[in-house]
Amino acid sequence: MGRNKRHKKFHHRPQQTNQKNYVNTVRDNELFQKFYKGLHIMPENEWDEFYSQLKEPLPVVFRITGYKSQAQELLKIIRTQFFNMIGKFTSSSGLLGTGESTSIMSDTKLSDQLNQSSANKDQSATDSTVSAKGDTTEQEVKKDSDADSKEGLLRENIKPPRCLSWYPDELAWQVDLSRKAVRSEDILNKFHRFLVCETEIGNISRQEAVSMIPPLVLDIRSNSRVLDMCASPGSKTAQLIEYLHKDESSVPEGFVVANDRDNKRCYLMVHQVKRLSSPCCMIVNHDAAFFPKLQSTLDSEKPQALLFDRVLADVPCSGDGTIRKNIDVWKKWTPNTGYGLHGLQSKILKRGLELLEVGGRLVYSTCSMHPAEDEAVVAEILRQSQGSVEMVDVSASLPGLKYAPGLSKWRLMTKKGEWIHSIEDVPLHMKSQITKSMFPPTAEEAERFKLHRCIRVLPHQQDTGGFFIAVLQKIQPLPWSREARLAKGSEGKTSPEEESGNVDDGMGDTPAASETSGAACDPVQPLPENRKRKGMTEEGPQPQKQPFKGYKEDPFLFLQPEDPVWAPVRDFYGLGEDFPVRQLLYRSEQGPKRSLYFVSKALANIVENNRDKVRFVNMGVKTLSRSPSPVVPECDFRLAQECMGSLRDLFAKRRMFITAHDAIVILSQESPFFCKLSPSTQEVIAKTDPGSVVFTFRPSESDSEPNCEVTFCGWRGRTSVRSFVPRFEREHYLRLFGKDLHQINEEVCQQKKAKEEAKTAANNLGNLVDGELSPEVSDDDMSGPAVTGSASVTKDDDEQCFPEESDSVNDEILKEDKDCPGIDGTLTSAIKESSSDQ
């Protein structure tokens with residue numbers, strides 16, 4: 001130790017990374033071919049197309065959030081500004097959507113632009129190949145020609161955007177663009193930045209096409225009580241919220257409860273759901289197979305259970321339908337991967353039906369093509385339900401969707417590729433893996449179950465992933481439920497706990513045996529003393545609570561009208577007595593209340609009645625945030641942008657209706673003076689006290705673009721106004737008004753650079769006048785034109801607004817910015833941060 005090892009030879013090894021080399025992964029699996037080809041999940045003449053499609057990457061699919069009033073304007077921008085230009089790379093011309101025939105750029109103009117771009121690239125490539133002596137090597141010329149051919153091939157392979165015909169209102173689109181294509185062309189790169197921006201604020205959701213089907217067939221309405229049992233990562237949950245908010249005029253009566261067993265995945269789901277700014281969604285953390293039955297009242301004499309009328313059970317699965325994007329499936333897949341999850345999937349589906357009210361609808365879905373995870377699970381539940389649940393035909397709800405019907409016959413297979421036709425044929429070493437419920441139903445059961453109403457989406461049919469959907473409706477109480485037993489007269493008086501359906505423990509992780517097993521009605525035989533194990537009693541095994549893993553949440557507390565915080569807020573914003581103050585939520589049990597969140601009335605009721613049995617993770621939208629300012633000493637809370645979609649009409653006292661020009665000025669400039677706004681807006685500002693305000697643009701005959709309402713929160717200062725809008729949302733609003741934030745940023749930078757150069761030139765001229773330059777400069781060099789140039793430096797626009805007191809006004813603005821809450825840097829710095837993030 002400590003010796004000099006300078007002369008020791010080291011062999012440099014390549015740096016090891018966790019990134020897997022998907023390029024060299026062999027996309028082939030003989031067992032996969034044998035299994036699915038033997039199941040006949042498609043006509044035999046479609047197999048080659050099906051298998052070759054599995055080896056292709058998935059296209060980019062996104063949908064526009066349909067419940068927002070700006071959806072149609074956003075669709076118009078996508079078609080005119082992006083799809084037209086992308087379409088020029090293909091053989092088609094004009095718009096690629098339905099019902100549109102105009103084009104922004106003519107074919108000749110775009111062809112000239114592309115030729116010019118290619119010429120510039122060719123010129124730069126030629127210059128780079130020329131050596132110091134002016135010679136061009138043969139090898140470098142060959143590289144340039146290969147690059148040109150690859151670029152031309154790349155353009156030929158770009159497919160035009162395609163609208164998903166089965167999704168309503170043309171709000172879902174599919175674009176086949178690779179990362180290489182996005183990086184190679186400026187137009188495609190700009191389209192990618194657009195998707196990132198709009199996705200971040202919830203106006204667009206990038207989601208796999210087949211993943212959009214389950215929420216679509218769930219038939220969500222504004223008053224639906226929806227449970228998403230396995231919600232993470234949250235794309236389907238966001239779609240459920242979207243359907244719940246179709247009517248933007250008011251807060252929906254319904255709600256969405258998004259659940260996931262993994263605590264960490266719950267927090268990842270928060271960001272996905274928060275983009276939609278809905279007060280009608282809560283995230284909870286429970287095992288879906290043992291989800292607690294909620295209470296709608298705390299009355300101990302007449303307890304009442306809260307059941308859902310819509311349940312989505314997108315259960316965990318082996319995921320071989322995602323083989324196009326999860327390359328590891330090719331080498332890891334075996335028929336056994338689906339057997340281990342069959343029991344868990346059956347438990348989750350069963351619990352979902354128990355939480356569903358009579359007449360409600362449940363959608364069971366997987367991203368697997370394995371019948372043991374699909375039809376076998378559905379058939380077993382239909383068998384146990386004894387006619388209380390039936391399959392629903394939803395083919396009319398999906399016009400244009402190509403799919404295969406559900407299977408009524410199938411076989412199982414061992415890991416070695418041996419077929420298993422019945423439970424008697426199961427090898428001895430697989431008896432614990434394969435159960436009787438995994439095999440197909442009898443001919444009589446298949447006719448009664450109507451498994452052909454299941455939906456099997458295959459990748460080759462419409463360039464998607466593989467998916468399975470089954471829609472079930474509960475037409476009467478389940479045979480093992482308390483209601484069914486009471487109807488048969490098999491029970492006498494019941495306890496209040498049984499009447500409410502709440503016989504599970506405090507945390508709800510282990511529901512009653514009568515709700516988890518159809519055979520629970522049979523009496524339990526007592527065990528001999530010598531056979532009793534730990535945790536056993538005369539009544540049977542005692543349920544054990546699962547240890548809690550995750551983060552302990554702060555309490556969810558509701559504001560009361562007599563709270564001293566509420567009176568200043570109510571008076572400053574002019575809120576009436578009908579404002580739902582008891583639906584304002586805060587999380588700090590001790591100390592000052594920093595933020596107030598708004599939740600719907602139904603969610604507030606769930607929290608109040610189920611505090612001890614539900615693990616709440618997140619809910620509500622931020623409405624008011626504490627930001628004390630000396631400009632507004634009477635109220636320490638300012639409005640948050642998140643609540644503008646739901647509560648904007650309640651803040652009428654602080655609401656200002658502005659023109660499109662005013663909106664552009666406020667959104668594109670950091671702190672514009674009042675004089676830069678229209679006269680009508682200046683009159684409204686003069687009547688409004690300083691503080692947090694709501695800016696709203698509404699289209700009119702004289703100011704018709706954009707054809708949608710735009711609302712954002714801001715600040716009315718002493719001499720200027722500003723917006724409190726996140727950078728991506730600011731970019732979105734300016735795009736609606738026909739402005740590009742990146743272009744505005746470049747112009748601002750150029751203006752600042754020009755001012756700095758002019759200031760530097762003025763200083764140099766001043767030094768010339770003072771005689772501080774070298775004596776070699778003659779008197780002629782300090783003549784009139786240079787001096788007049790110094791005097792010709794113009795004042796800033798802010799100084800022109802108030803020429804007689806420009807210095808004092810600038811000082812006032814600086815002071816106001818310090819006093820104004822929420823200032824987080826200039827607009828330019830925010831844009832630079834946005835660009836770096838993208």
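The accessible surface of the chain comes to about 43,100 Å², and carbon and sulfur atoms hold 49% of it. Areas were computed by the Shrake-Rupley method with a 1.4 Å probe; for residues, only the protein chains shown count as cover. The model is predicted: local features need pLDDT of at least 70, side-chain atom pairs count only at pLDDT 80 or more, and totals for chains, interfaces and linings use all residues. Residues are numbered from 1 along each chain as its sequence is written, and side-chain values use heavy atoms, with hydrogens and water left out.

Of the 838 residues of the chain, 49% are buried (under 20% relative accessible area; exposed is over 50%, partly exposed in between; 1.4 Å probe, protein chains only). The chain has 29 helices and 29 strands. These are DSSP runs, numbered from the N terminus: helices are H or I of at least four residues, strands E of at least two. Among contacts (heavy atoms within 4.5 Å) with a separation of 6 or more, 74% link residues 24 or more positions apart.

Two strands pair if DSSP finds at least two bridges between them. Strands β2 and β3 (residues 172-175) are joined by 2 bridges. R162 has Q174 of β3 as its bridge partner.

A nonpolar core is a set of buried Ala, Val, Leu, Ile, Met, Phe, Trp, Tyr and Cys residues joined through side-chain atoms within 4.5 Å. The largest has 87 residues, of which F62, W166, Y167, F191, I469 and F712 touch the most other members. Helix α3 (residues 71-87) gives the most to this core, with 7 residues. Another core lies apart from it, with 81 residues, including F308, V378, F439 and L451. Beyond its neighbours within four places in sequence, Y167 contacts R63, A172, M212, L216, Q239, E242 and Y243.

Helix α22 (residues 660-668) is largely enclosed by the rest of the structure, because 8 of its 9 residues are buried. Among them are D662, I664 and L667. E46 sits in the loop between α1 (30-39) and α2 (47-53). Its relative accessible area is 25%, so E46 is partly exposed. The C-alpha atoms of E46 and H460 are 8.5 Å apart, although 414 residues separate the two along the chain.
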